[in-house]
Amino acid sequence: MPTIDHDIGGTGAAIECAAALGQPCEGRLLVSRHGFNARYDLDLGSGTFSRPGHDLYGRSLAGRIFVFAGPKGGIATSWALDALAQRKLAPLGLICQQVNPVLVQGAALAGIALLAGYAPEQAARLVDGARVRLDPQRRRIVMLA
Amino acid sequence: MKLDDEQLAMQRGAAGPAAQWAIGQQIEVGRFFGAERLIPVGSVLAGAEIGITGLSGLALLEKLAGDGARVRVPSLTGACSLDFDRWSEFRLPIAQYAAERRLHDALRRMGFIDTSTCINYQSVTPPRFREHLAWGDTGAVAFANSTAGARSNYEGGPASIAAALTGLVPEYGFHLRRHRFASRLYEVSTPLRGTSDWSALGAWIGADVMDYRTVPAVLLHDSAPSIDELKHCLAAAASFGSLAMMHLIGATPEAPTPEAAFGDTPVPVPRRIDRAAIDGVYQGFAGEGGKVDLVVFSAPQLSLQEAADIVERLRGRHVAADTRLIVTVNHQVQAEFERLGYARRLAESGGELLAGTCFYVMAPALVREQFGFRHLVTPSCKLANILGGAGYRPALRSVDECVDAAVTGVLP
């Protein structure tokens with residue numbers, strides 16, 4: 001099970017995850033409580049959330065570390081992350097509790113860091129706008145501020 | 001992950017740069033999921049259409065084709081973003097047509113059979129029990145795992161391409177028997193009639209589970225689903241909940257009994273799904289009443305039986321003047337539909353047949369803007385679910401009610 005390590009680099013607590021891929025990155029969180037599918041939820045031309053009723057409706061993924069409940073629906077996300085990355089509209093990183101293969105395949109193709117499988121009680125610490133560092137090699141989300 | 005000599009050589013580039021890229025992607029994904037090895041697959045269904053690949057995906061596919069990539073196992077293409085013969089009738093941009101053409105040309109150069117279908121299991125490559133597959137359409141994966149006992153994970157677009165080029169997939173998830181047992185039990189206490197009811201059931205369970213790894217099992221009493229009804233149920237379950245497998249006790253091969261479905265886990269008390277639950281799904285897609293712009297039978301593409309059934313239900317009646325009735329099929333069904341005279345009868349009633357595409361991949365937001373469409377009626381929860389995000393106000397109705405809506409132009 002994922003556990004918390006309170007002594008990471010002296011910068012604050014870290015959240016451990018069960019699985020990860022990609023390269024380290026730092027950025028601010030963009031947090032959704034919804035599931036995510038690029039085709040269902042995004043305007044792929046602008047990288048903004050276009051689905052009415054989505055809790056990030058009108059906001060952009062670009063340059064943020066996107067936290068969401070888990071993937072939903074079909075295969076679109078597997079291509080869409082790379083398409084967004086090529087146009088500088090992609091998130092820096094992805095954090096979710098649950099994954100499906102499509103999300104992992106998409107992150108691998110796009111070269112976007114992905115950390116998954118943190119303890120559910122840690123969700124409250126992942127607040128919108130918080131600054132974090134993703135360390136995929138150590139499967140850790142480091143809380144910076 | 002343990003690789004054999006041939007796989008190690010592929011990783012080093014001995015089989016060319018395309019295969020090297022492919023196995024590299026698979027190793028990264030396999031490591032994420034803790035796969036111990038790569039295993040051979042019987043066939044591939046590629047999820048690649050220009051609407052989701054974008055130009056970056058097209059560039060990748062053209063590069064792979066240019067690098068001499070060749071498929072190693074039977075490999076098919078999924079539904080594409082337009083009907084190559086009728087795209088202009090939907091005012092789709094010529095750039096979309098041209099890019100989709102280039103994409104499919106690239107796939108053909110690699111050796112893909114360009115079937116453009118999301119129902120390959122009904123008309124091209126039926127899966128067999130325990131066959132390992134690399135399929136890239138989520139509804140097709142759920143169908144193969146559930147109804148045939150075949151074994152596939154969701155192989156998203158690039159992953160399905162990679163699997164075609166290596167003939168392999170990482171062994172994790174639904175390739176392993178231990179991940180195929182049920183962990184939730186539902187009991188359907190109301191008769192289900194027609195594809196829309198089954199689609200609603202899939203949507204309800206999918207929304208309740210919302211987890212790729214979870215396999216639900218369903219007890220049925222007063223219902224005996226047809227293959228088409230299972231198709232819609234499983235496509236909706238995948239769409240709403242990212243589900244890849246569902247046992248229907250007594251109807252699917254790995255669940256002759258509840259005990260078989262649950263393996264070593266005790267069979268839990270079932271959660272009941274009654275008529276109110278199914279009706280709740282319909283109420284979630286109630287529509288706004290009044291005029292209907294579009295009636296769409298799609299998502300997944302229709303079987304010959306389903307498409308012929310719509311023609312029979314029309315009984316020669318004509319579609320209302322300001323309403324469009326659209327049926328999407330694959331090219332294999334289209335050929336039979338035309339040979340048997342159904343296509344002529346559908347056209348005489350004012351209906352439209354699209355082949356090789358599915359409505360929701362056909363730039364639906366752009367089509368809506370071009371024609372001012374808003375009110376759409378369908379028996380497919382999957383379609384209704386997706387098109388809500390494209391600015392439509394979808395209504396879920398039975399097939400009969402959909403046909404009536406097309407004829408009267410008004411939402412029943």
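This is a predicted model: local features need pLDDT of at least 70, side-chain atom pairs count only at pLDDT 80 or more; totals for chains, interfaces and linings use all residues.
## Interface between chains A and B

The contact draws on 33 residues from chain A and 40 residues from chain B. The size of an interface is often given as the accessible area lost when the parts come together. Here, chain A and chain B bury about 2,900 Å² between them, with 65% of that area on carbon and sulfur atoms. On the chain A side, the residues that lose the most area to chain B are R39(A), W79(A) and Q105(A), which together account for 26% of what that side buries.

Between chain A and chain B, 7 residue pairs are in polar contact, both residues of each pair being at pLDDT 80 or more, while the count of salt bridges is 0. Several elements of chain A each supply at least two residues of the side that touches chain B: β3 (19-21), α1 (38-41), α2 (76-86), α3 (101-110) and β9 (113-116). The largest share of that side, 7 residues, comes from α2(A).

## Helix α3 of chain A

Helix α3(A), one of the elements that supply at least two residues to the side of chain A touching chain B, is largely enclosed by the rest of the structure, because 10 of its 10 residues are buried. The buried residues include P101(A), V102(A), L103(A), V104(A) and Q105(A). Among them as well are G106(A), A107(A), A108(A), L109(A) and A110(A).

Just after α3(A), G111(A) adopts a positive phi of about 70°.

Strand β13(B) covers residues 375-378. In a regular strand the side chains alternate between the two faces of the sheet. In β13(B), H375(B) and V377(B) point one way, L376(B) and T378(B) point the other way, and all are buried.

The strand pairs with two others. With strand β10 (residues 294-297) of chain B, β13(B) pairs in the parallel sense over 2 bridges, and V295(B) has V377(B) as its bridge partner. With strand β14 (residues 393-396) of chain B, β13(B) runs parallel and is joined by 4 bridges; there H375(B) stands opposite R393(B). Helix α16 (residues 381-387) of chain B, together with β13(B) and β14(B), makes a right-handed β-α-β unit.

S380(B) is placed in the loop between β13 and α16 of chain B. S380(B) counts as buried because its relative accessibility is 1%, against a cut-off of under 20%. A polar atom of the S380(B) side chain lies 2.7 Å from the backbone oxygen of A299(B). Leaving aside residues up to four places away in sequence, S380(B) touches S199(B), S298(B), A299(B) and L396(B).

A299(B) also takes part in a cis peptide bond, which runs from A299(B) to P300(B) with omega near 0°. P300(B) is located in the loop between β10 and α12 (304-314) of chain B.

## Serines with positive phi in chain B

S116(B), although not a glycine, has a positive phi of about 50°. S116(B) lies in the loop between α4 (94-109) and α5 (120-123) of chain B, and is buried with a relative accessible area of 3%.

S242(B), likewise not a glycine, has a positive phi of about 60°. S242(B) is found in the loop between α9 (227-241) and β8 (247-248) of chain B, and is buried with a relative accessible area of 1%.

## A three-stranded sheet in chain B

An open sheet of 3 strands in chain B has the order β3-β2-β4, with parallel pairing. Strands β3 (75-77) and β4 (134-135) of chain B each have a single partner strand and stand at the edges, so one side of each is left without a neighbour in the sheet.

Strand β2 (residues 44-46) of chain B is joined to β4(B) by 2 bridges, and the two run parallel. Within this pairing, the bridge partner of V44(B) is A134(B) in β4(B).

Conventions: Residues are numbered from 1 along each chain as its sequence is written. Chains are lettered from A and ligands numbered from 1 in the order in which they are written. Side-chain values use heavy atoms; hydrogens and water are left out. Buried means under 20% relative accessible area, exposed over 50%, partly exposed in between (1.4 Å probe, protein chains only). Two strands pair if DSSP finds at least two bridges between them. A crossover is right-handed if, with the strands pointing away from the viewer, the path from the first strand over the helix to the second runs clockwise. Contact means heavy atoms within 4.5 Å. Buried area is the accessible area (1.4 Å probe) that two parts lose on being put together, summed over both. A salt bridge is a side-chain nitrogen of Lys or Arg within 4 Å of a carboxyl oxygen of Asp or Glu. A polar contact is a pair of N or O atoms within 3.5 Å; within protein, one must be able to donate a hydrogen and the other to accept it, and residues adjacent in sequence count only if both atoms are side-chain atoms.
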